[in-house]
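Here is a short tour of a protein model for you to follow on screen. Take your time, and look up each residue as it comes along.

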Amino acid sequence: MSALAEAPGVIGVSTRVYVEIADVMQLFGCKQSKASNYIKDINKKVKEDGGMAFPAGKANKYLFSEMSKLPIEDINKVLEENDRREELCES
């Protein structure tokens, strides 16, 4: 399957459009409570701007990238690593 994923013309693996507490903890090297507060702040901003926030514990990764000044590529890398880790734990 990995050969197919790397074939010419194949679009890369889709990543989530949201970050979770575990992702924020890994990106910032912070504890769960700090990561949770950061996600709450992002969702609060979305609501104040008239948008729909993600459920508790999740936030839009693009807004997270903008507010944290982290490149979206770095965020996607962490999301992919965490998703792979979860898949390995489930199997």
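## Salt bridges

The model has 5 salt bridges, a salt bridge being a side-chain nitrogen of Lys or Arg within 4 Å of a carboxyl oxygen of Asp or Glu. Please keep in mind that this is a predicted model, in which local features need pLDDT of at least 70 and side-chain atom pairs count only at pLDDT 80 or more, while totals for chains, interfaces and linings use all residues. Residues are numbered from 1 along each chain as its sequence is written, and side-chain values use heavy atoms, leaving out hydrogens and water.

Let's start with Arg16. Its salt bridge with Asp23 has the closest N and O atoms 2.9 Å apart, and both Arg16 and Asp23 are buried. (Buried means under 20% relative accessible area, exposed over 50%, and partly exposed in between, with a 1.4 Å probe and protein chains only.) Arg16 also forms a salt bridge with Asp83, where the closest N and O atoms are 3.0 Å apart. Asp83 sits in helix α5 and Arg16 in the loop between α1 (2–5) and β1, so this pair ties together parts that are 67 residues apart in sequence. The relative accessibility of Arg16 is 11%, while Asp83, at 21%, counts as partly exposed. Salt bridges link Arg16, Glu20, Asp23 and Asp83 in a network.

Another salt bridge joins the side chains of Asp49 and Lys45 (3.0 Å, N to O). Here Asp49 is exposed, at 57% relative accessible area, and Lys45 is partly exposed, at 30%.

## The overall layout

The protein chain has 5 helices and 2 strands, in the order α-β-α-α-β-α-α from the N terminus on. Helices (H or I, at least four residues) and strands (E, at least two) are DSSP runs, numbered from the N terminus. Of the 91 residues in the chain, 26% count as buried.

## Where α3 meets α4

How do we describe two packed helices? We use the angle between their axes and the distance between the axes. Helix α3 (residues 32–48) and helix α4 (residues 61–68) pack at about 105 degrees, with axes 11 Å apart. Axes are lines fitted to C-alpha atoms, for helices over the stretch in contact, and angles run from 0 to 180 degrees between N-to-C directions. The two helices are therefore roughly perpendicular to each other, a label for angles of 65 to 115 degrees; under 35 is roughly parallel, over 145 roughly antiparallel, and the rest oblique.

On the α3 side, the contact (heavy atoms within 4.5 Å) is made by Tyr38, Ile42, Lys45 and Val46, and on the α4 side by Leu63, Phe64, Met67 and Ser68.

## A closer look at α4

Which residues of α4 are buried? They are Lys61, Leu63, Phe64, Ser65 and Ser68. Their cover includes β1 (18–20), α2 (21–28), α3, β2 (58–60) and α5 (72–90).

## Asn43, a buried residue

Asn43 belongs to helix α3 and is buried, with a relative accessible area of 9%. Its side chain reaches the backbone oxygen of Lys58 at 2.8 Å. Leaving aside neighbours within four places in sequence, Asn43 is in contact with Ala53, Phe54, Pro55, Lys58 and Ala59.

Definitions and conventions:
A polar contact is a pair of N or O atoms within 3.5 Å; within protein, one must be able to donate a hydrogen and the other to accept it, and residues adjacent in sequence count only if both atoms are side-chain atoms.
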